[in-house]
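Dear colleague,

Please find below the structure for your review.

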Amino acid sequence: MGRILITGITGNVGREVAAALKKRNVSMVCAVRNIEKARKHFFNEYDFVSLDFSNGDTFDKALEDIESIFLNYPPETPFDDFHAFIRRAKEKGVRHITYLSVKDVQFLPFVPHHKNEKAIVQSGLSFTFLRAGYFTQNLNMFLLDELVKNDRIYVPCGKGKTSFVDLRDIGEVAAITLLNPDYHLNQKYVLTGSKALDFFEVAEIMTHFLERKIIYSNPTLNEFKKHMMKKGYEAKYVNLVGSLHFFTKLGMAKSVKSDLSQILGRHPITVEEYVNDYKEVWRKN
């Protein structure tokens, strides 16, 4: 069996995929744009290879002896470059791609993953699409600053519920599909938690575990966009994030699927378990 190539390890899901495979002593290599920076960050915990989706000259070395790929899309990458990498993977003999997508992508043509899924299918590679719901870890990443400084969750979701999914569970599912690609051939899994919650309920959970009052501010979409722009985020990113959260407000993110629990053979990690595990990250300085 050839090696597995992991993309996105310096991000969030890729890191969890690499950790899940490392536990299984799998032969793998992690693709990064800056190897030296990655080595300093991970203390030589992994093997690295240079890959820049915008530089086709890096493709062949990154794909050498690779049988399967965990593929993560960096949002700043032009479609033509990303799709060229997919085609080159096919030419180099890669057998399988497990691609991190988003829940309900088939109804969201404005989301990049919609086009990327089509490109993978058209390439002829075997694939597994992980259509992940709302990351629970957004609370310690994207929403961290507001929670630590202002004790609030600040997203425009109203009373809309979302089926939070833990990145650690996504990492485990990805590892399983990469190690058993024939069993997960051309599958489109919807990964969610086992329960949908609104952000008022999440704030109550956080209040309990953090032992201080956390509120859900429930801003309008325009208020959210103005606030995020003021914080320095790019307009394109703010518009995309705002739109995705607005879909939650409309009730489009509340569906719960059993794919994750069926693959893992256990219940998904709950929001309560997550907050308890991560509570130190929200501690006031």
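This is a predicted model: local features need pLDDT of at least 70, side-chain atom pairs count only at pLDDT 80 or more; totals for chains, interfaces and linings use all residues.

Residues are numbered from 1 along each chain as its sequence is written, and side-chain values use heavy atoms, without hydrogens and water.

Helices α4 (residues 79-91) and α5 (residues 112-123) have axes that come within 10 Å and cross at roughly 25°. The two helices are therefore roughly parallel (angles under 35 degrees). In their contact (heavy atoms within 4.5 Å), Phe79, Phe82, His83, Ile86 and Lys90 of α4 meet Pro112, Lys115, Asn116, Ala119, Ile120 and Ser123 of α5. By class, this contact has six nonpolar, three polar and two charged residues.

Rings of Phe, Tyr and Trp (its six-membered ring) pair if their centres lie within 6.5 Å; planes under 30 degrees apart count as stacked, over 60 as edge-to-face and the rest as tilted. The count comes to 22 aromatic pairs. Tyr154 and Phe224 are stacked, because their ring centres are 6.4 Å apart and their planes lie at 25°. Tyr154 is in the loop between β7 (152-153) and α7 (167-179) and Phe224 is in helix α9 (residues 221-230), so the pair ties together parts 70 residues apart in sequence.

Kind regards

Definitions and conventions:
Axes are lines fitted to C-alpha atoms, for helices over the stretch in contact, and angles run from 0 to 180 degrees between N-to-C directions. Helices (H or I, at least four residues) and strands (E, at least two) are DSSP runs, numbered from the N terminus. Angles under 35 degrees count as roughly parallel, over 145 as roughly antiparallel, 65 to 115 as roughly perpendicular and the rest as oblique. Ala, Val, Leu, Ile, Met, Phe, Trp, Tyr, Cys and Pro count as nonpolar, Asp, Glu, Lys and Arg as charged, and the others, Gly among them, as polar.
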